[in-house]
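The sequence and the model should be kept in view while reading.

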Amino acid sequence: MYTGIPIIAANMDTVGTFEMAKVLCKFSLFTAIHKHYSLEQWKEFASQNPDCLEHLAASSGTGPSDFEQLEQILEAIPQVKYICLDVANGYSEHFVEFLKGVRKRFPQHTIMAGNVVTGEMVEELILSGADIIKVGIGPGSVCTTRKKTGVGYPQLSAVMECADAAHGLKGHIISDGGCSCPGDVAKAFGAGADFVMLGGMLAGHTESGGELIKRDGKKYKLFYGMSSEVAMKKYAGGVAEYRASEGKTVEVPFKGEVEHTIRDILGGIRSTCTYVGAAKLKELSRRTTFIRVTQQVNPIFGDES
């Protein structure tokens, strides 16, 4: 049973870093550590930060080498009890079979699996051994799946439908992608998400991965999708001939310490709860009414600095 705050740093190599985890665990937030750390790096982090291990998930794709590395990490560091099985497209028999294999090998661990956007597939993954389903195809700030493939699902609708399906089977969901401000995080919880995963909102900080760039007296950090050309060149030798890049690379203005952003997010959500009369986060979805609007904020003075 997870007892922290159900906000998760995404398992992207610019966000799901050990440096990020050190700060987030102080606030009882969760980090899905990206899959590109070596076993030695995991061991070093675990020995120096034992208190953070209950707020971490080890991530894995679905390749043979992924399973091997996951096994090594979880055997070497038994305090890590969460597994994040992450693929861009959770709609495949191969993914379901891989999930079943991981569940068989690690019967006591909590498994997050995704990404999907429909109730039927949420049910399939829960019945195949997943505890928490990652929901979202295309909403991420550096995701170009909808543009490149025409495939996707509006995130709020996906969360509502998938939450219903998951909760009917005593499962849970993560709303993954689409948040650009604390209000979006609150809305995801209001729509029924049990956890909210953040990428872009946590990018650009001291603790984020990515190269720091200085230009014209300003600082930026690189942030890119894990299906982008930059990521695939870095980890797979380039984009395979049979597919297209489904992520973009952006320069995010440097935001400094992530602690300030975390406080801003948590303060916003606390205030949400007071506005709608929710005594705790779990109550938000029962206290929320969504209304369709054409404009959410007053833009007269532009963005706040």
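In this predicted model, Cys 179 has a relative accessible area of 16% and is therefore buried, since the cut-off for a buried residue is under 20%. Cys 181, by contrast, is partly exposed, at 27% relative accessible area. A disulfide requires the two sulfur atoms to lie within 2.5 Å.

**The disulfide**

A disulfide is a covalent bond between the sulfur atoms of two cysteines. The structure contains one disulfide. Cys 25 and Cys 52 form it, with their sulfur atoms 2.3 Å apart. This pair links distant parts of the chain, as 27 residues separate the two cysteines. Cys 25 belongs to helix 1 (residues 18–26), while Cys 52 is placed in the loop between helix 2 (39–48) and strand 3 (56–60). Cys 25 counts as buried at 14% relative accessibility, and Cys 52 likewise counts as buried at 5%.

| Cysteine | Relative accessible area | State |
|---|---|---|
| Cys 25 | 14% | buried |
| Cys 52 | 5% | buried |
| Cys 179 | 16% | buried |
| Cys 181 | 27% | partly exposed |

**The loop at Leu 53**

Leu 53 also lies in the loop between helix 2 and strand 3. Is Leu 53 buried or exposed? Its relative accessibility is 1%, so Leu 53 counts as buried. Leaving aside residues up to four places away in sequence, Leu 53 touches Phe 45, Ala 46, Ile 77, Gln 79 and Val 80. Leu 53 and Lys 81 are 28 residues apart in sequence, yet their C-alpha atoms are 8.2 Å apart in space.

The buried residues of helix 8 are Pro 182, Asp 184, Val 185, Ala 186, Ala 188, Phe 189 and Gly 190. Which elements cover the buried residues of helix 8? Among them are strand 1 (7–9), helix 7, strand 7 (172–176), strand 8 (195–198) and helix 10 (258–276). Gly 192 follows helix 8 and has a positive phi, near 115 degrees.

Helix 7 (residues 155–168) contains Met 160. Met 160 is partly exposed, with a relative accessible area of 33%. Together with Leu 156 and Phe 290, Met 160 forms a nonpolar patch on the surface, and the three have about 220 Å² of accessible area together.

**The chain as a whole**

The protein chain has 10 helices and 11 strands. Its C-alpha trace spans about 55 × 50 × 45 Å along the principal axes. A compact globule of 305 residues would have a radius of gyration near 19 Å, and the chain agrees with this because its own value is 19 Å. Buried residues make up 51% of the 305 residues. Of the contacts with a separation of 6 or more, 63% join residues 24 or more positions apart. The accessible surface of the chain comes to about 15500 Å², and 51% of that surface belongs to carbon and sulfur atoms.

Key. Residues numbered from 1 in each chain as written. Predicted model: local features only at pLDDT ≥ 70, side-chain atom pairs only at ≥ 80, totals over all residues. Heavy atoms only, no water. Helix = DSSP H or I, 4+ residues; strand = E, 2+ residues; numbered from the N terminus. Buried < 20%, exposed > 50% of the residue type's maximum accessible area, 1.4 Å probe, protein only. Patch = residues over 30% accessible without salt bridge, like charges linked within 9 Å, V, L, I, M, F, W, Y side chains within 5 Å. Areas by Shrake-Rupley, 256 points an atom, 1.4 Å probe, with all protein chains shown as cover. Salt bridge = Lys/Arg side-chain N within 4 Å of Asp/Glu carboxyl O. Contact = heavy atoms within 4.5 Å. Rg over C-alpha atoms; globule rule 2.2 N^0.38 Å.
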